[in-house]
Amino acid sequence: MMRKNYYRKLALMVTLLTVLLAYQKYTSREKEPFPKVTFISDASIPANLSDFDPNTLDKEQWQKLGFSEKQTATILKYKDIIGGKFTSKQQLKKCYAISNEKFSVLSSFILLPETAEKGDSKRFTPYGKKGIMISGKFNPDQFSVHDWLKMGFSEKQAEAIIKYKNYLGGGFVSKEKFKECFIISPENYNKIEPYLLLPAKTPENFRNFAKDNPVKSRIQYHIFDPNQLDLEGWKTLGFSEKQAITILNYRNRNLRGSFKSLDDLQKCFVISAEKFQEMKPYIKLQEKQQEKTDFSKTDLNTITFKQLIEFGLDERSAGSIIGFRKKLGGFMNKQQILSTYNIDQDLVQKLISIAPLNTSDVPRYSLVNAPEEWLKNHPYFKYSADKIIFYRTSNLDDKKIWKLLKLKPEYEERMKLYVK
């Protein structure tokens, strides 16, 4: 009997221990961290992406690759700064507008070598694909960029030859010196040499001449207004044609036609700090004496953006008025101007009380004869354009079409301003 009780107690203890172990194991599982779930996704590659040469892409094509307008402008500006051409993937990668992640996505599609060969990034490639053509004996000192282009050299090569000639003092001096122009390959020199009207040897005193007469000293500076200079004017100051075009674009587009201060001029990236200091004593900005607009004689249907700014409107108000007028084809009454969005109501009210409105040139049509494109683009008609086009196929009477349209009186009233 005692033995039987002993086994019962032992069995009970084993059962309790088993339950305790199971409970401990169960509660400890709850403390284990839940495994982190991660989702694997492929690199973001546009479905229509194919091999491309970044040197041939324009603004829209860069944007199609996923770059913003600002990033695209930075990439194109960077290309200009490095000489107008990317020579390797490594060079393209240095453009800060292209992130490492974006570059890794595009890299395999870029038609450029991984790295540029030594010395190739800052010199021109010899012209070998297209043969040069020489019509007869000539003096290279008298050749312009156009003449070298005609012979078969590229635009950059032609500019480099002219630059080298200027470095020598304005003339090649001899066949020896002409041969030293790195842009002219030995093969091309052998073709050209028999036709050169130059002495074979360089004069003994040439070295001293070149040393004592650097290119800078040959630029005859004079007092000038940078707002008055054209392409040739900037070139006479020592800028290349491409640099001169950049300066003009910067002035006319970025600064709206004029440099307001020396600081404006200095900010143009093609004008180095050294060049600016060299020109600075000769720069004289003259204030333009603009005739004030007589707004009592200025038609509100022809008033310009600049005139609206002159009257006192900000750019937002002026742009809204010009934009709305363009969509309408012209204002038919002054109240329309006041209904324009984003304008200074008080200032515009003052303007329309002074300026006249001539409506004689504003396009007007009957509903039957109005062009479809005009109906679909006009702010007042575009929402009813499809109905008008449908109804007039079987009704050639404007009155019947107006009845069928069933428009609100205020909508019909403003539409009739542009109906004959």
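Contact means heavy atoms within 4.5 Å, and helices (H or I, at least four residues) and strands (E, at least two) are DSSP runs numbered from the N terminus. The views show a predicted model, in which local features need pLDDT of at least 70 and side-chain atom pairs count only at pLDDT 80 or more, while totals for chains, interfaces and linings use all residues. Residues are numbered from 1 along each chain as its sequence is written, and side-chain values use heavy atoms, with hydrogens and water left out.

**View 1. The buried side of α18.** What covers the buried residues of α18 includes α15, α16 and α17. The buried residues in this helix are Leu347, Val348, Leu351 and Ile352, where buried means under 20% relative accessible area, exposed over 50% and partly exposed in between (1.4 Å probe, protein chains only). They lie on the same side of α18 because they cover an arc of only 130° around the axis; the arc is that of the directions from the helix axis to the C-beta atoms. An α-helix has 3.6 residues a turn, so residues three or four places apart point the same way. Exposed Asp346 and Ser353 sit on the face of α18 turned away from its buried side.

**View 2. The largest nonpolar core.** A nonpolar core is a set of buried Ala, Val, Leu, Ile, Met, Phe, Trp, Tyr and Cys residues joined through side-chain atoms within 4.5 Å. The largest one has 38 residues, of which Ile321, Val348, Leu351, Leu367, Leu375, Phe381 and Tyr418 touch the most other members. Elements giving two or more residues to this core include α16 (315-328), α18 (345-354) and α19 (372-377). Leaving aside neighbours within four places in sequence, Leu375 is in contact with Ala370, Phe381, Lys382, Ala385, Ile388, Ile389 and Arg392.

**View 3. An aromatic cluster.** Phe138, Phe143, Trp148, Phe153, Tyr164, Phe172, Phe178 and Tyr189 form one aromatic cluster. Rings of Phe, Tyr and Trp (its six-membered ring) pair if their centres lie within 6.5 Å; planes under 30 degrees apart count as stacked, over 60 as edge-to-face and the rest as tilted. The structure holds 20 aromatic pairs. Trp148 and Phe153 make an edge-to-face pair, 5.9 Å centre to centre with 80° between the planes. Trp148 is buried at a relative accessible area of 0%, and Phe153 is buried at 2%.

**View 4. Lysines over aromatic rings.** A charge sits over a ring if NZ of Lys or CZ of Arg is within 6 Å of the ring centre and within 35 degrees of the ring normal. Lys102 lies over the face of Phe67, 5.4 Å from the ring centre. Lys416 lies over the face of Trp402, 5.1 Å from the ring centre.
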